Amino acid sequence: MQLMEKIRTIAKRYDIKRKWFRFSRSPLSVVGLVVVAVVIFLALAAPFITPYPRQAGLQTNLRDKFLPPSSKNLFGTDQLGRDVFTRTIFGFQYSLMMAGVVLLLVVPPGVVLGLIAGYYRGGWVDMAIMRISDVFIAVPPLVLALSIASVLTPSAFNAMMAVSLMWWPWYTRLTYNATSSVRNEYFVQASEVMGENSFRIMFAEILPNCLGSILTKITLDVGWVILLGSALSFVGLGAQPPTPDLGTMVAGGSIFLPGQWWISMFPAVAIIVVILGFNLLGDGIRDIFVEETR
Amino acid sequence: MEPFLEVKNLSVGFKTYLGKLNVLNGVDFTLRESEKVGIIGESGCGKTSTMKAILGILASNAVIEGGGISFRGHDMLKIRKKQLNQIRRKNLTMIFQDPTAALNPVFKIEELLGDVIKYSGDFDHEKATKKVLRKKSIEALKEVSLPDPERVLDSYPFQLSGGMRQRVCIAMSLATAKDLLIADEPTTSLDVTIQDQVLRLMKDLVNKRNLSIILISHALGTIRNTVDTVYVMYAGNMIESSETAKLFSNPLHPYTQGLLKSVPKLSGEGFSEGIPGRIPDYINPPPGCRFNPRCKHAMEICRKERPRLLEVNADNHKVACWLYNKG
C-alpha cells in the first residue's frame, strides 16, 4: 500500500497522467512503445526463452543446416545448422548494447559542448566548438565510420567507437540551437539579475528547457545507431562471426539468397522492426514535449 | 542626501552588421535612497538599455564607450563577476515587461520562488528545507495578494494568468531586493484594471520596504501617480528632469511638451497633437541636439552643438535644450 502511495505522488509530481494522454493520442506511438518494450524484454530474456541458446555462441549443428522455417526452427536454420530464431533474439542484445554504449558516450559531451557554445554565442568558444563539429558533420556518416572502423581492427567495440566519433556533433548542434533560442529570453536575464552564476544558468535554467528535444533525439537515434552499426557489421567492419549480430547475420546469409531466404531475411526484418519501434516511440515522446513547452 | 546610484556620461553602442548603433549618448542619472524615479520616452530611445547597463546584462554586441556607473561605491563597469553577482543577489532587482517570458517555463512556481528565497542570503541555505522554503514562498505570495498561494505554487507559469504571473515576478524580485527595484514597463502587457492593481501593489510594497524604484513606463498617468522625480529620455540622452508635478505642469523641452500632448484624450474629438517624425537613425545620428530634425524651434546652434542637461530655475528642474541654455 505504501508503495502504491509513493508511486501515486511521483506520478502526480511529474504529471504522468497528462503526459500519457498526449503520448497516447497517437496510436502509433503506443505501438512503438509496445514494440520497444517487447524487444527489450526479448533481449534481456534471450538465454531463457530461446530454444537453442548455445547456438548463439560457438555451437554448430551441421546436420540440420539450411532447414526452412518449421515449428522446430521458427525462422529456419543457417548454413551451420544454427537456429536463426535464437540468433535473431540474441541479435537484439547486441543491437541494443551498441545503441546504449554509443549514446552513453555521445550524449553527455555533445550536450555539454552545445550548451557552452550556445551560452557564449558569438564568442571564440562558440566558434571553436561549432566549427570543429562542422568538420565532423561535413563527412557523410557512413563513410567516416567506415574509414575509422577500417583503420582499426574490425570488432564490435571499435565499431561503437567509430559511430560515437561521428555522432556527437549532432547533439552539439541540437543543444546549441535550443540554447541560443532560450539564451536571450527574459527569464535568463532575470536569473542573471538575481545573481546566478553562468554555470547554474547553463545547467539549471537553460538545459531543462532543451531536455525535451534532446530526449526525443535520443529515442529516434537508437534506431539510427542500430542501423549504422548493422551496416558496419554487414560490410564486415563490426561484430565478427560467430557473434549473433543482426548485420553480420544478414551479410552471412546474403550469399544463399534467394534459395535459403530465411537466413538473412529474418534478421533484416528484425532490424526494421527495432528501428521502426524506436522511431514511433520517439515521435510519441516529441508529442509530449512539443506542447509542454508552449 | 548622497546619491547611491550614479550614472555619469554613459555612452553605449551596439555593433551590428549595418554598422555601429550609437544608442546611449552620454546619459546622466542619479538616484538617492528611497527615491522614486520615473523614466519616460518613446520606444527605442534607450530606457531599457540604460537599465541593462546598470545591471550588467547588456547584449553581447554592446560596447561601453565611455562614462561610468557607480553603485554604493562600486564601479559597476569594472566590478568582478563574483562581486557583481553578490550585489545583484542582495541589492538590485528588475521586473521585466513580459511576465510570461520572465519565468522559466519548465519549472513550477514553487521551484522558481523557492530558489530565489534559498539563495537570497537571508538565511543559511543549509537550513532551507523544502518545508521552510514553501512556507516562506507562501508568505511571499500572500504579500503580493495572490489568492490561493498553495495552488499557485503547484502551477507552471503557463497555467497562470498574466496578472498572476506579474505578481509572481514581483514576489520573486522583492524576495531579494534590499535597495533598488527596476521596473521596466511592468504593466504594459496587462489589461487596464490589472495594471492598476499591480501598480498599487508595487507602490505599497516599495513604500513599506523603503526601496528606491526606477519605473520605466509609457503610461504617463502611471508615472505621475507613482514617482517623485521624472526623467525624460530621447534618443539616448536625458533631456529633462524635474519633480513630477513640475514636469507635468510646466514641461520645458519641446520634446516633453510634444510627448505630453501625444497622450490620447478620453474626452473630446479627434486625435491629440503628437510629434511628427520618429526617433533618429542611430548609425548616423543628427549632430548637435538629436531632437533637432523634429523640433519646431530648431536653431542654428541645435544642429552644431549638443546641449547639456543643466538646471534652469533654482528648483532642480533641469533641461538639455538651447532655448533655455543661452547663457
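In helix 3 of chain B, the buried residues are Ile109(B), Glu110(B), Leu112(B), Leu113(B), Gly114(B), Asp115(B), Val116(B) and Ile117(B). The model examined here is a predicted one. Helix 3 of chain B, spanning residues 109–118, is thus mostly covered, with 8 of its 10 residues buried. These buried residues pack against three helices of chain B, namely helix 4 (130–143), helix 5 (149–153) and helix 6 (162–176).

Chain B also contains an open sheet of 8 strands, in which the strand order is 6-7-8-3-9-10-12-11 and the pairing is mixed. Strand 6 (92–95) and strand 11 (310–311) of chain B form the edges, each pairing on one side only. Helix 1 (residues 47–55) of chain B lies across strand 3 (36–40), strand 6, strand 7, strand 8 (212–216) and strand 9 (229–234) of chain B. Relative to strand 8 of chain B, helix 1 of chain B runs at about 145°.

Further strand pairing in chain B involves strand 4 (residues 62–71), which pairs with strand 1 (residues 3–16) in the antiparallel sense over 8 bridges. In this pairing, Glu6(B) stands opposite Ser70(B) of strand 4 of chain B. Strand 4 of chain B is also paired with strand 5 (residues 74–75) of chain B, again in the antiparallel sense, over 2 bridges. Here Phe71(B) faces His74(B) of strand 5 of chain B. Strands 4 and 5 of chain B form a hairpin with 2 residues between them, and Arg72(B) in the turn has a positive phi of about 50°.

Contact between the chains involves 20 residues of chain B and 15 residues of chain A. On the side of chain B that touches chain A, helix 2 (81–90) and strand 6 of chain B each supply at least two residues. Helix 2 of chain B contributes the largest share of that side, 4 residues. By class, the residues on the side of chain B that touches chain A comprise 11 nonpolar, 6 polar and 3 charged.

Chain A has 11 helices and 0 strands. Its C-alpha trace spans about 75 × 55 × 30 Å along the principal axes. Of the 294 residues in chain A, 43% are buried. Among contacts in chain A with a separation of 6 or more, 70% are between residues 24 or more positions apart.

Within chain A, helix 6 (residues 141–151) and helix 7 (residues 156–183) pack at an angle of about 140°, their axes being 9 Å apart. Helix 6 of chain A is therefore oblique to helix 7 of chain A. The crossing of helix 6 of chain A past helix 7 of chain A is right-handed. Helix 6 of chain A makes the contact through Pro141(A), Leu144(A), Ala145(A), Ile148(A) and Ala149(A). From helix 7 of chain A, the contributing residues are Asn158(A), Ala159(A), Ala162(A), Val163(A), Leu165(A) and Met166(A). This contact between helix 6 and helix 7 of chain A has 10 nonpolar residues, 1 polar residue and no charged residues.

Technical notes: Residues are numbered from 1 along each chain as its sequence is written. Chains are lettered from A and ligands numbered from 1 in the order in which they are written. This is a predicted model: local features need pLDDT of at least 70, side-chain atom pairs count only at pLDDT 80 or more; totals for chains, interfaces and linings use all residues. Two strands pair if DSSP finds at least two bridges between them. Two residues are in contact if their C-beta atoms, placed from the backbone, lie within 7 Å. Axes are lines fitted to C-alpha atoms, for helices over the stretch in contact, and angles run from 0 to 180 degrees between N-to-C directions. A residue is buried if 20 or more other C-beta atoms lie within 10 Å of its own, exposed if 12 or fewer, and partly exposed in between; C-beta atoms are placed from the backbone. Ala, Val, Leu, Ile, Met, Phe, Trp, Tyr, Cys and Pro count as nonpolar, Asp, Glu, Lys and Arg as charged, and the others, Gly among them, as polar. Angles under 35 degrees count as roughly parallel, over 145 as roughly antiparallel, 65 to 115 as roughly perpendicular and the rest as oblique. A crossing is left-handed if the near helix is turned anticlockwise from the far one by less than a right angle, and right-handed if clockwise.
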